[in-house]
Amino acid sequence: MADQRAKLSWRDGTVPVSDRFDDPYFSLQNGLEETRHVFLRGNDLPARFAPGFHIAELGFGTGLNMLAVWSEWEKSGQSGPLAFTSFEAFPMQPADMARALVAFPQLEPWADRFLANWRGGTCDLGTLRLTVVEGDARQTLSSWDGQADAWFLDGFSPSKNPELWQPVLMQDVANHTTHGGTAATYTAAGFVRRGLQEAGFTVSRVPGYGRKRHMTLAIKA
């Protein structure tokens, strides 16, 4: 199992970079603000929060996206738990997660609770029901029995990790999305947008975060 752990280098001592894909885990400009722009606002969150809301994700990484949306869920005063399911091929060690998340002191209360309880797999944090499915999403997603109201498509760059953006996987995403559900991603790569369209999403290209001119939003009719 050791060879399936994330292999990392560190940029400026604070930003983890995948050795396997030569790509940082979050924006070098401001990872939290990019998460809020792309995945929260991109999926119209927290406005769409409702009892039983379920978010799914490709690429758990440091857990930053999960922590950002969990913090908003709690702040919104929802009565029940948020369900969050993420598919991750190369899980990061908790010590590396902790090191990376120091960069986001705004999320410290949630990061501390998460890291104190995280042992991999599933984690019940009261207001959050977290499941991280380890393995290649091209195999694991098709057999998942869940349906997501919103997707965070956050694999490494399509030019470096094209496997996580192929049309067959985008179809699996669509097959596990509720009617009226959404997906958002930082990339505006043409083949990603086409794959989402062919899978049944209505796709739009909108302004991205920071130096990224465009990002992609998708709605399942």
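This is a predicted model: local features need pLDDT of at least 70, side-chain atom pairs count only at pLDDT 80 or more; totals for chains, interfaces and linings use all residues.
Me: What makes S9 and S11 a pair of strands?
Reply: Two strands need at least two bridges between them to pair. Strand S9 (residues 177-185) and strand S11 (residues 214-220) have four bridges, in the antiparallel sense, so they meet the definition. Within this pair, Thr182 stands opposite Ile219 in S11.

Me: How do you know that S10 pairs with S11?
Reply: The cut-off is again at least two bridges. Strand S10 (residues 201-207) is joined to S11 by seven bridges, and the two run antiparallel, so they count as paired. Val206 stands opposite Met215 in S11, and Pro207 has His214 as its bridge partner in S11.

Me: What lies between S10 and S11 in their hairpin?
Reply: The hairpin has six residues between the strands, and Gly210 takes a positive phi near 60 degrees.

Me: Why are S1 and S3 called edge strands?
Reply: The open sheet of three strands has the order S1-S2-S3, with antiparallel pairing. Strand S1 (8-11) and strand S3 (23-24) each pair on one side only, and that makes them the edge strands.

Me: How many bridges join S2 to S3?
Reply: Strand S2 (residues 15-18) is joined to S3 by two bridges, running antiparallel. The definition asks for at least two, so S2 and S3 pair.

Me: Why is Glu34 called buried?
Reply: Buried means under 20% relative accessible area. Glu34, in helix H1 (residues 31-40), has a relative accessible area of 10%, so Glu34 is buried.

Me: What makes the approach of Glu34 to Lys212 a polar contact?
Reply: The limit for a pair of N or O atoms is within 3.5 Å, and one must be able to donate a hydrogen and the other to accept it. The side chains of Glu34 and Lys212 make such a contact at 3.1 Å. Leaving aside neighbours within four places in sequence, Glu34 is also in contact with Ser27, Phe39, Tyr186 and Tyr209, among others.

Me: What makes Lys160 and Asp22 a salt bridge?
Reply: A side-chain nitrogen of Lys or Arg must be within 4 Å of a carboxyl oxygen of Asp or Glu. For Lys160 and Asp22 the closest N and O atoms are 3.9 Å apart, and the two form a salt bridge. Lys160 lies in the loop between strand S8 (148-153) and helix H6 (167-175), and Asp22 in the loop between S2 and S3, so the pair ties together parts that are 138 residues apart in sequence. A search of the whole structure finds seven salt bridges.

Me: Is Lys160 called buried, partly exposed or exposed, and on what value?
Reply: Partly exposed is the range between under 20% (buried) and over 50% (exposed). Lys160 has a relative accessible area of 37%, so Lys160 is partly exposed.

Me: How do you know that Glu33 and Arg36 form a salt bridge?
Reply: The N to O distance between their side chains is 2.7 Å, and the definition asks for within 4 Å. Both residues lie in helix H1, three residues apart, about one turn of the helix. Glu33 has a relative accessible area of 27%, so Glu33 is partly exposed.

Me: What makes the Arg113 approach to Glu74 a polar contact?
Reply: The side chains of Arg113 and Glu74 make a polar contact at 2.7 Å, and the limit is within 3.5 Å. Arg113 is found in helix H4 (residues 108-117). Apart from neighbours within four places in sequence, Arg113 is in contact with Trp70, Glu74, Leu125 and Thr127. Arg113 has a relative accessible area of 32%, so Arg113 is partly exposed.

Key: Residues are numbered from 1 along each chain as its sequence is written. Side-chain values use heavy atoms; hydrogens and water are left out. Buried means under 20% relative accessible area, exposed over 50%, partly exposed in between (1.4 Å probe, protein chains only). Contact means heavy atoms within 4.5 Å.
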